[in-house]
2 protein chains.
Amino acid sequence: MEESTGRSTKKKVVAVVGGGLVGALNACFFARRGFDVQLFEIREDIRRAKIVKGRSINLALSHRGRQALKHVGMEDKIVSQGIPMNARMIHSLSGKQSPIPYGKKGQVKHLRCSSVHHTLKLICHVAGMFLRSDGSEEHIKADLIVGCDGAFSAIRKQFLRRSRFNYSQTYIPHGYMELTMPPINGEFAMKPNYLHIWPRNTFMMIALPNLDKTFTCTLFMPFEEFEKITTGDEVIQFFQRYFPDAIPLIGVDALKRDYFRLPGQAMVSVKCAPYHIGDKCVLMGDAAHAVVPFYGQGMNAGFEDCIVFDEIMEQFNEDFSAVLPEYTRVRVPDDHAIADLAMYNYIEMRAHVNSRWFLFRKYVDNFLHFVMPRTIIPLYTMVTFTRTRYHEAVERWHWQDKVINRGLMFCATGAVLGGSYLLIKNPPDINKFIIPAEKMWDRLTALRTP
Amino acid sequence: MEESTGRSTKKKVVAVVGGGLVGALNACFFARRGFDVQLFEIREDIRRAKIVKGRSINLALSHRGRQALKHVGMEDKIVSQGIPMNARMIHSLSGKQSPIPYGKKGQVKHLRCSSVHHTLKLICHVAGMFLRSDGSEEHIKADLIVGCDGAFSAIRKQFLRRSRFNYSQTYIPHGYMELTMPPINGEFAMKPNYLHIWPRNTFMMIALPNLDKTFTCTLFMPFEEFEKITTGDEVIQFFQRYFPDAIPLIGVDALKRDYFRLPGQAMVSVKCAPYHIGDKCVLMGDAAHAVVPFYGQGMNAGFEDCIVFDEIMEQFNEDFSAVLPEYTRVRVPDDHAIADLAMYNYIEMRAHVNSRWFLFRKYVDNFLHFVMPRTIIPLYTMVTFTRTRYHEAVERWHWQDKVINRGLMFCATGAVLGGSYLLIKNPPDINKFIIPAEKMWDRLTALRTP
């Protein structure tokens with residue numbers, strides 16, 4: 001990063017390792033504080049590189065991420081390049097589409113940024129970033145090393161060599177594959193301002209709109225299922241069985257061809273602690289907490305890392321020996337909470353979005369939030385539209401869930417007792433009711449089990 | 001390992017990496033099947049090395065470990081070098097000692113082997129092991145690599161470089177320190193055939209007898225507590241507060257000196273999956289599942305790995321391409337279960353051994369086991385005295401716990417209802433009972449919370 005002022009006091013050197021989303025943004029944060037920021041990236045400069053075809057990696061920018069961008073004056077530039085998303089759109093097997101809103105009507109919306117590549121280019125461009133990736137072996141003396149080098153972080157490998165570093169990496173049994181849905185007559189093939197979801201229990205497909213009027217469809221399924229399909233005809237059979245409405249929109253030929261372009265890609269969840277070594281090194285972003293992509297919070301959590309660190313820098317007067325341990329203390333429980341939530345959603349999105357109990361509870365939660373906006377806040381709202389600490393959001397969610405479920409149980413018991421009382425007072429012909437009552441039981445059971 | 005028969009068919013080469021307990025035993029298992037076993041160990045040959053002072057690492061040999069030794073004809077040789085342990089001996093703060101037996105009277109006992117060093121030397125000696133550790137860089141072409149190289153396995157590091165390898169390492173907040181309790185007048189300073197435990201919630205000390213009539217005391221406490229104590233006088237103050245009866249037995253001067261010999265040592269729990277790469281490489285023992293030392297099953301689980309692998313070798317006719325995936329499938333849930341149990345015991349040993357509820361439940365479990373020996377089997381018994389698969393033991397334990405707790409609840413409810421009925425029939429003077437009843441409630445509460 002170029003020196004912007006001509007101050008004579010020797011500036012501390014911060015080496016940011018990794019020029020991805022979090023690294024680039026973090027470089028801006030440190031530069032704003034007047035550090036001599038050196039940004040290292042092993043890949044070529046993204047502003048001069050051609051766009052790599054193959055994977056786009058969808059990004060959802062919500063409140064936390066926007067706040068971080070705002071801090072360094074980039075919110076508007078990035079947001080103007082995104083597509084707002086108002087709701088989820090559930091595609092049933094019959095092709096019926098039903099929207100499920102994210103939060104209250106009129107609430108600040110989820111914003112879909114087209115791709116890592118695109119967003120990163122913007123951040124680098126706005127920040128006037130200088131990337132060091134010439135392959136030369138130059139020894140830099142840095143006062144602080146900031147590891148923002150992603151889920152497979154090289155900096156984190158150094159942490160692993162030390163004692164008392166807790167670490168876990170969990171690959172989920174599902175892989176993902178990206179397919180493109182082209183525009184029809186120059187227009188989006190489906191309603192654009194939605195996250196389209198085809199929930200099919202074991203399988204799931206989602207589709208997100210791009211600025212060029214295409215949709216990126218992402219198919220999630222267990223690796224062994226990916227491997228079962230070996231011919232173009234089997235691809236079509238598979239789609240006819242599970243996602244029939246998507247076949248004409250993607251196109252039979254494209255589907256047969258693109259399915260075999262790349263194999264299913266793995267997804268990993270990484271948790272670790274501590275995030276720092278002494279006053280010398282700290283991990284942020286995916287390097288500290290890669291999450292599975294089912295809460296749309298990966299980028300937001302990484303961006304929020306930058307604000308949290310900046311806030312602690314302010315609090316402890318930029319004294320790294322105090323800032324780094326405090327950052328670990330404050331941030332680890334929150335990052336672990338969002339990693340767990342993303343894993344929880346991995347199950348919920350596939351299974352529960354289909355279940356009546358899930359939809360009923362969603363409806364109850366939203367209704368209660370409308371009636372008591374400060375007492376009952378849906379988890380999704382806390383995570384996506386506020387900066388409530390992730391671990392506090394989870395605690396509050398468990399509390400609310402208990403209260404609401406007890407309330408529902410109370411109402412149900414009341415209804416049963418009231419009903420029984422009426423039945424006892426006016427005994428009906430038992431034969432008239434015995435079958436409907438059994439059916440009711442089946443319905444209640446079906447409601448609970450997805 | 002020397003060739004023992006003169007068969008002309010070319011024998012498959014098995015490279016066992018790590019000549020520790022599991023590596024040495026595994027080498028015996030493969031040799032028995034007629035493989036050309038090459039055993040690699042980076043340290044010097046333990047039969048020629050001097051005993052390293054500092055850490056003994058206590059070992060408890062129970063049923064699973066003995067079964068494995070029996071398979072290769074070494075049970076008697078090893079067992080004759082151990083000290084049988086009949087029970088736990090709980091030391092209260094006042095110095096009172098109360099025994100808690102491990103299982104039924106007369107049941108096969110837990111056996112304490114003096115140390116890793118001693119046991120390993122025995123295994124190597126009996127097996128006539130040849131250790132390759134000359135430091136030369138020789139390229140060996142092996143048909144199978146067996147990684148038995150411990151908790152910080154170099155072989156496992158190669159697994160970590162591959163995609164879809166699940167891995168976690170968790171350091172507990174406690175460290176451990178070993179202190180020696182010398183003999184008094186040539187005899188053991190405490191009763192020898194017991195695992196002595198000083199449970200003090202946050203802190204815990206245990207002591208295990210050695211063949212030379214000493215006890216090895218192991219002090220477990222959080223690292224920050226270790227660091228708080230910086231002078232010999234502070235050591236004595238600390239022991240006076242928590243382990244007063246141990247001071248004269250260890251000796252004031254020894255205590256003041258030995259406490260500062262080594263800092264608190266870290267303990268790690270490692271879980272991973274899969275255990276194999278193709279038909280080429282497999283992990284066993286601590287390399288696959290390092291556990292915290294609170295169930296006394298580390299060595300036993302590692303030894304059982306060898307039998308389980310041997311059983312699968314038999315089942316699949318030594319076809320590595322079938323044996324290795326099956327080994328992962330069968331063994332991962334069991335090793336994860338014992339890792340979890342050891343972690344659970346880490347909490348139980350410190351806290352619950354003190355609680356009346358724990359002792360009461362232990363008593364109920366043992367009583368029910370006596371009355372219905374095939375229906376109710378205490379968890380500890382299943383883990384220590386049988387070869388019940390670890391994960392099945394845990395499932396059965398959860399089931400039994402539910403049944404027993406419900407039974408107790410049912411009895412308690414019955415007693416309360418019966419009591420109430422009698423009270424209503426013969427109403428007593430209320431003032432006579434109000435205080436004892438309150439006290440009873442306090443007692444019940446104290447029983448539940450440790």
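This is a predicted model: local features need pLDDT of at least 70, side-chain atom pairs count only at pLDDT 80 or more; totals for chains, interfaces and linings use all residues.
1. **Chain A as a whole.** There are 16 helices and 16 strands in chain A. Of its 450 residues, 50% count as buried. If you take the contacts in chain A with a separation of 6 or more, 74% of them come from residues 24 or more positions apart.

2. **A nonpolar patch on the surface.** Have a look at Y363(A), F367(A), F370(A), V371(A) and M372(A): together they make a nonpolar surface patch of about 570 Å². One of them, Y363(A), sits in helix 13, which covers residues 356–371 of chain A. Y363(A) counts as exposed because its relative accessible area is 58%, and the cut-off for exposed is over 50%.

3. **Where the two chains meet.** The size of an interface is often given as the accessible area lost when the parts come together. Here, chain A and chain B bury about 1200 Å² between them, with 46% of it on carbon and sulfur atoms. On the chain A side, R164(A), Q169(A) and Y171(A) supply 47% of the area buried against chain B, more than any other three residues. In terms of contacts, 13 residues of chain A meet 13 residues of chain B.

4. **What holds hands across that interface?** Between chain A and chain B the count is six residue pairs in polar contact, but zero salt bridges. Strand 10 of chain A (residues 166–181) gives the largest share of the side that touches chain B, namely six residues.

5. **Salt bridges inside the chains.** Side chains of opposite charge can pair when their charged atoms come close. Over all chains, the count comes to 36 salt bridges. One of them joins K271(A) to D340(A), with the closest N and O atoms 2.6 Å apart. K271(A) is in strand 14 and D340(A) is in helix 12, so this pair ties together parts that are 69 residues apart in sequence. Both ends are partly exposed: K271(A) has a relative accessibility of 23%, and D340(A) has 41%.

6. **A pair within one helix.** R331(A) forms a salt bridge with D335(A), the closest N and O atoms being 3.3 Å apart. The two residues lie four apart in helix 12 of chain A, about one turn of the helix, and both are buried.

7. **R331 in chain B.** R331(B) forms a salt bridge with D305(B), at 2.7 Å between the closest N and O atoms. This pair links distant parts of the chain, since R331(B) is in helix 12 and D305(B) is in helix 11, 26 residues apart. R331(B) counts as buried at 2% relative accessibility, and so does D305(B) at 0%. Over in chain A, salt bridges that share partners join R64(A), E304(A), D305(A), E311(A), R331(A), D335(A) and R387(A) into one network.

8. Is D334(B) buried or exposed? With a relative accessible area of 1%, D334(B) is buried. D334(B) belongs to helix 12, residues 320–351 of chain B. Its side chain reaches the backbone nitrogen of Y390(B) at 3.4 Å. Leaving aside residues up to four places away in sequence, D334(B) touches R389(B), Y390(B) and H391(B).

Conventions
Residues are numbered from 1 along each chain as its sequence is written. Chains are lettered from A and ligands numbered from 1 in the order in which they are written. Side-chain values use heavy atoms; hydrogens and water are left out. Patches are made of residues with over 30% relative accessible area and no salt bridge: like charges are joined within 9 Å, nonpolar side chains (Val, Leu, Ile, Met, Phe, Trp, Tyr) within 5 Å. Accessible areas come from the Shrake-Rupley method with a 1.4 Å probe; for residues, only the protein chains shown count as cover. A salt bridge is a side-chain nitrogen of Lys or Arg within 4 Å of a carboxyl oxygen of Asp or Glu. Buried means under 20% relative accessible area, exposed over 50%, partly exposed in between (1.4 Å probe, protein chains only). Contact means heavy atoms within 4.5 Å. Buried area is the accessible area (1.4 Å probe) that two parts lose on being put together, summed over both. A polar contact is a pair of N or O atoms within 3.5 Å; within protein, one must be able to donate a hydrogen and the other to accept it, and residues adjacent in sequence count only if both atoms are side-chain atoms.
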